[in-house]
Amino acid sequence: MMHGAGMRMMFATVDADGDGALSQNEVQDLVGRIFNAVDNNGDGNVDMEEIQSFFH
């Protein structure tokens, strides 16, 4: 679990406009970046092999 300074750093990274709140667009952008990082072959789908590869 992330606490303290780490949580504030993560929040600041996601809060792209710096307004101190996360908009739906900012959260969707984060999810999209994570998805793209996991989708190794770029086919727009994530399978179990890609998830396992990402976490190893």
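Glutamate 50 lies in helix α3, which spans residues 48-55 (helices, H or I of at least four residues, and strands, E of at least two, are DSSP runs numbered from the N terminus). This is a predicted model, in which local features need pLDDT of at least 70 and side-chain atom pairs count only at pLDDT 80 or more, while totals for chains, interfaces and linings use all residues. Residues are numbered from 1 along each chain as its sequence is written, and side-chain values use heavy atoms, with hydrogens and water left out.

**Overall fold**

- The protein chain has 3 helices and 0 strands, and its pattern along the sequence reads α-α-α.
- Its radius of gyration is 14 Å, well over the 10 Å of the globule rule for 56 residues, so the chain is more spread out than a compact globule (the radius is taken over C-alpha atoms, and the rule is 2.2 Å times the number of residues to the power 0.38).
- Along the principal axes, the C-alpha atoms fill a box of roughly 35 × 25 × 10 Å.
- Of the 56 residues, 11% count as buried (buried means under 20% relative accessible area, exposed over 50%, and partly exposed in between, with a 1.4 Å probe and protein chains only).
- The chain exposes about 4600 Å², and carbon and sulfur atoms supply 59% of that area (Shrake-Rupley method, 1.4 Å probe; for residues, only the protein chains shown count as cover).

- Glutamate 26 sits in helix α2, residues 24-38.
- Although glutamate 26 is buried, it has no salt bridge, and the nearest side chain of opposite charge is that of arginine 33, 9.1 Å away (a salt bridge is a side-chain nitrogen of Lys or Arg within 4 Å of a carboxyl oxygen of Asp or Glu; Lys and Arg count as positive, Asp and Glu as negative, and His and the chain ends are not counted).
- What the side chain of glutamate 26 does reach is backbone: the nitrogen of serine 23 at 2.8 Å and the nitrogen of aspartate 17 at 3.2 Å.
- Glutamate 50 is likewise buried without a salt bridge, with arginine 33 as the nearest side chain of opposite charge, 18 Å away.
- The side chain of glutamate 50 reaches the backbone nitrogen of asparagine 41 at 3.3 Å.

**The salt bridge in helix α2**

- The structure holds 1 salt bridge, and its partners are the side chains of arginine 33 and aspartate 29, at 2.7 Å from N to O.
- These two residues are 4 apart in helix α2, which places about one helical turn between them.
- Both ends have some accessibility: arginine 33 is partly exposed at 40%, and aspartate 29 is partly exposed at 41%.
- Aspartate 29 also has its C-alpha atom 8.3 Å from that of valine 14, a residue 15 positions away along the chain.

**An aromatic pair**

- The count is 1 aromatic pair (rings of Phe, Tyr and Trp, the last by its six-membered ring, pair if their centres lie within 6.5 Å; planes under 30 degrees apart are stacked, over 60 edge-to-face and the rest tilted).
- Phenylalanine 54 and phenylalanine 55 have ring centres 5.2 Å apart and planes at 85°, so the pair is edge-to-face.
- Phenylalanine 54 is partly exposed at 39% relative accessible area, whereas phenylalanine 55 counts as exposed at 64%.

Note on methods: Polar contact = N/O pair within 3.5 Å; in protein donor to acceptor, adjacent residues only side chain to side chain.
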